[in-house]
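Subject: Structure handover

Hello,

Here is the structure I promised to pass on. Please open it alongside this email. My notes follow below.

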Amino acid sequence: MALAPALSLGLASLVLLLADSIDPDSTNTGLLAGISGIGSLLSFGFAGWFITAGTGIADSTGVALFNNQLVVDQMALFFMAIVGSVTTLVVLASYDYIAGHDYQAEFFSLVLLSATGMSLLSAANSLATAFIALELVSLPSYALVAFLKHNKGSVEAGLKYFLIGAVSSAILAYGISLVYAATGVLRFDGVATAISSGTVQTIVDGSIQAQSGDPAVPMAILGVGILMIIGGVAFKTASVPFHFWAPEAYEGAPAPISAFLSSASKAAGFVLAFRVFAVAFPIGDLLAAGGAINWVMAFQILAIATMFVGNFAAATQETVKRMLAYSSVGHAGYVLIGLAAVSGSGEGLSLSMSAGMSHLLVYGFMNTGAFLFIALAEYWGVGRRFEDYNGLGKEAPVACAAMTVFLFSLAGLPIGGGFFSKFYLFQATLNVSAWSLAAALIINSALSLFYYSRVVKAMWIEEPTGSRTIESYPMGLYTAVVGAAIVTVLLLPGFNRVSEIAFQAAQLL
Amino acid sequence: MAAFTYAPAIVLLPFVSFLVALFAGDRMPKGGALAGITATGGSLLLSIWVALTVAGGDVHNEILYQWTTSVETLQLNFGLLLDPLSALMLLIVCLISFLVHIFSLGYMNDEGETGLPRYYAGLGLFTASMLGFVVANNLLMAFMFFELVGLCSYLLIGFWFRDDGPPSAAKKAFLVTRFGDYFFLIGVVGIFATFGTGLFAPITQGGEVVAESFPMLAEHAIVDGETAGIAMLETVGMGPQQWFTVLGLLVLGGVVGKSAQFPLHTWLPDAMEGPTPVSALIHAATMVAAGVYLVARMYGFYALSPTALAVIALIGGFTALFAATMGLVKQEIKQVLAYSTISQYGYMMLALGSGGYIAAVFHLTTHAVFKALLFLGAGSVIIAMHHNENMWDMGGLKDRMPVTYWTFLAGSLALAGIVPFAGFWSKDEVLYEALIHGFGTEGGLGTAYLIAYAMGLLAVFFTGFYTFRMVYLTFHGDARSDTARDPEPVRWNVKGPLTVLGILATTIGFINMAPVAKLTGAEIDFLHKWLNGPENGGWPAALNTGLHHYEGLLHDVSHVVKGYPLGETPTLLASAGVSLGLALAGVLVARTLYAGADPVEHTDKLGGLKTLLMHNYYQDEYQVWLATGVTYPLARVMNKFDQGVVDGVVNGISSVSLFGGSRIRRIQSGVVSNYATLLTLGLVLLLAAFGIMGGWF
């Protein structure tokens, strides 16, 4: 029952296939989108209900399932809520976007399957389940990126995404195997016990025991394994240097899928990272054991590099979608602060992680909204470049106003929740005196305002260059965009509640 | 105490008239004048009521509205302080404003001016702001209204904004007074930072002090050594008296600007470009008095600092003489009056600096009446002369406009200080106080008083001279131009205010005939009693704004002592005699030189001095040089720095960013095998780095 958020997504995807097989020759978009929408809304609803009901608070370890392979606690629910909300928005927008395409049932069920994987990933408590869930996330998304079969860009992006994904998955699997070799266990708490005790462990009847003969954990092997797991996580979160797929995939994919990948899929990558590194590799014990990797430093390097690469590349792009793709890379850098703004003894992790989580939640709305606006522009046949957006504000003021909210919130102006979440991250860096991170955050935020405002300027200030007529105002897309904007704005006053939940969730780990 | 309940209406009524004139003035008869007259009339009645209540021994000091509280104890409030001083000032402002509104009917409406709603809106806003300033019970509120009256002054000087002169004069007035106000603002911040309050007088409830005032806190710090609560003293590293002197002098910056004292007096003569009723109301009787009033309002603070007192006295004495000499050679009637205004405010400052609190308030009162009268009289002449202000084109107006002549004469006699007109009594008291305190006080302060006294005394002669030069040139002799032979008649709305003020200018000196009181022992020094209050208890004990308290401070802290070189009564008589004699001498010299049927210019006899005086001692020139020769180059250097260094850094950063961005973009080659290579390389690099660090190999 605790897995209801994930189950409702998975069931909905099966129902979709069932519905399609009843009459494979005709396509009823409304029905398909309706089923998917209900499934994702249910998932979001369950997650929200469980959070407010306090699941996993009382018993502090969360609801353990399947012999501790999955654990549903506040953090898992927090991310399930993010996944559910983003999926709802994406489904809503896809209703208009893929109208007229073939294989709609497959599209929706792939989206839902991938979302199921994300939900499961949030709850994964073992490296094995995490890997499987991650693959469940990835495989449908490769197909989704290449969904526009007759569009060369889409197909090329899908292939590139798949190839890089295969390499990254290989690295991750190798890392997992090394960690297993070093510690003898795959469960996160078991790995932690092995590190803190310094001896290889085994699991007997669900309880963790030292292996006979007390063999010591080879720290060097463990270190290599951890670094490779960082690599796998970095791929999923589109962090440098595993980010190469992101701009191409986001640009080539259908815009709702870009939104899905850049928001929900990224959040799923981060929940894995947060859980693995907070639970399985406690930094204090690792450093005390000596010889192993200081992953905080690794994340600091990654965070700074990601922020700079993402934002600087975004500043010089010519197309809006690609700019957003790079900015999404930059935001991964911001969220990485969640694992980087930690002191040597592991202090400040709760604060920084909750800051990262809060940012992901806000980001789930504002970034999804921004990509859905691109979807709207693609739907209208507006061009891809900044200039093509000139004067759009006159023709579609509501959507452009929503887009303005998204962009300014992404930049960190106090018009949406992005202001507070970025401020919270900034506080986290100051909390542990991580000046380089704080400086990088400030510099990149300032830079990001530059390229975000280019879009705003084009929409509102510039005069349109050519003639363009907007024929229809698609209801689903509009609802999704405006809804996301409203939530983004509401998160400004409501941020306090979000950060409280996130902090509690992070502390429970 | 119902009067105090309605006291806020004194300020609000003119504000309503401002709104009415602004938004509905063009749809009303007389362009909003009637609203202004009604409002100021109402304010006048309420002020009389307040004054009567205050005369009954009640005072009022209360916070009306608190608009900011901080985490510390600092609060920013609007509040009313109604004590004898502010009640008197309310009367003056309301009365003059009322009369000026009526006069404006003749000066503006009858002359067919356009833009009347704007004019009456300005007058209404000014009156409201000035009254707000008068009743303010704390320094910040006073500062805000101080700035508002400055704004109104700017708007009204520039009323005829299509001509060349007025806009420029308005800008000058605004900028010069703003220069002084800048110091005032720092002083306000300093006082708030030092004491945590800007209250002029303590607020009491049921006999208990609930909020202490800053003059009282300063007094406790100096007299009783209670400096523990004042952290600011440690910050600035000064003793209490030195630091309070600094604060007092900073506030004095605003006073010097607003009351047109040297060296910030240069704006006032130019301000005469505004309509003459405006000059009468703002640039003679009320707004210019705001500076002097502010010093009187916080006199308990200045009385603690002998240095500040000496500075005030010297500025006052010097300005009195300096401005009077410039008034000697002016050809335009309003220019003479402008310099005379500067000079008379110098007397008030002299009085305040030399411990003559009563004398200053007395002179403020009489001056408000007779100078408003003189300006309105001049306005009447200007109407008659079809807006030609040059006195050499006038002459002989005495017979053609008798009401104006006789009232103007009363004002001139008061200004010159001829007994028994109002100015005699007040000016005599100013000089007498400076004299006895100069002789009695020891050290530098006493010397400063004597120097200031000497300058003030000399100025009496010049005052008599330029006043009657003006009278003779304007009204006596033969008419020197066609308009002067056939002047335009003026109506009741001009003559009425003139008559009221003429009677007052003759009689208002009787409210404080101190010499007569001393000689005869009759208790007729009403103003003295008014500001002194009961000797024990009553409002002075509650507010600490009574004369008795100030005299105690002057004596105990600043050691200002009275001294009588000839004994008490002879000194009194000698002082009055000397100043009256000098005034009469000035009048007589003017009569000899200009009284004939066809007077000629005598200024050429002054030689080089004439040029100097005509150019106002090159004050404008050196201030312009300061602006263009010093400030402008400095600003240009700053601009260079800003454009070159600051902007350069910013532009540099952005171009580096964009260049870096375009480089980073190139990594994204589009070839998937490159990506895989880079990805693997990155991982290997990380592995190698951490491997070496962790000692894995």
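Two residues are in contact if their C-beta atoms, placed from the backbone, lie within 7 Å. Please keep in mind that this is a predicted model.

**Where the chains meet**

Start with the contact between the chains. Chain A gives 25 residues to it, and chain B gives 21 residues. Which helices of chain A each supply at least two residues of the side that touches chain B? They are α6 (152-183), α8 (219-237), α9 (245-252) and α12 (295-315). By class, that side of chain A has 20 nonpolar residues, four polar and one charged.

**Chain A as a whole**

Chain A has 509 residues, and 62% of them are buried. Its secondary structure comes to 19 helices and four strands. Now take the contacts in chain A with a separation of 6 or more: 77% of them join residues 24 or more positions apart.

**A hairpin in chain A**

Two of the strands are worth a look. Strand β3 (residues 201-204) of chain A pairs with strand β4 (residues 207-210) of chain A. The pairing is antiparallel and runs over four bridges. A:Val204 has A:Ser207 in β4(A) as its bridge partner. Together β3(A) and β4(A) form a hairpin, with two residues between them. In the turn sits A:Asp205, with a positive phi of about 50 degrees.

**Two helices of chain B**

Next, go to helix α6 (residues 165-195) of chain B and its crossing with α9(B). The two axes come within 7 Å and cross at roughly 150 degrees. Angles over 145 degrees count as roughly antiparallel. So α6(B) and α9(B) are roughly antiparallel to each other. Their crossing is left-handed.

Which residues meet there? From α6(B) they include B:Phe179, B:Gly180, B:Phe183, B:Phe184, B:Gly187 and B:Gly190. From α9(B) they include B:Leu247, B:Leu250, B:Gly253, B:Gly254 and B:Gly257. By class, the contact of α6(B) with α9(B) has ten nonpolar, eight polar and two charged residues.

A cis peptide bond joins B:Phe262 to B:Pro263, with omega about 5 degrees. B:Ala260 lies in the loop between α9 and α10 of chain B too. Its phi is near 55 degrees, a positive value in a residue other than glycine.

Is B:Ala260 buried or exposed? A residue is buried if 20 or more other C-beta atoms lie within 10 Å of its own. B:Ala260 has 30 of them within 10 Å, so it is buried.

**Another cis bond, and a loop serine**

A cis peptide bond also joins B:Val419 and B:Pro420, with omega about 5 degrees. B:Pro420 is found in the loop between α18 (402-416) and α19 (422-440) of chain B.

Back in chain A, look at A:Ser433. Its phi is positive, about 55 degrees, although A:Ser433 is not a glycine. It is found in the loop between α17 (418-431) and α18 (435-460) of chain A. Why does A:Ser433 count as exposed? The cut-off for exposed is 12 or fewer neighbours. A:Ser433 counts as exposed because it has 11 C-beta neighbours inside 10 Å.

Best wishes

How values were computed:
Residues are numbered from 1 along each chain as its sequence is written. Chains are lettered from A and ligands numbered from 1 in the order in which they are written. This is a predicted model: local features need pLDDT of at least 70, side-chain atom pairs count only at pLDDT 80 or more; totals for chains, interfaces and linings use all residues. Ala, Val, Leu, Ile, Met, Phe, Trp, Tyr, Cys and Pro count as nonpolar, Asp, Glu, Lys and Arg as charged, and the others, Gly among them, as polar. Two strands pair if DSSP finds at least two bridges between them. Axes are lines fitted to C-alpha atoms, for helices over the stretch in contact, and angles run from 0 to 180 degrees between N-to-C directions. Angles under 35 degrees count as roughly parallel, over 145 as roughly antiparallel, 65 to 115 as roughly perpendicular and the rest as oblique. A crossing is left-handed if the near helix is turned anticlockwise from the far one by less than a right angle, and right-handed if clockwise.
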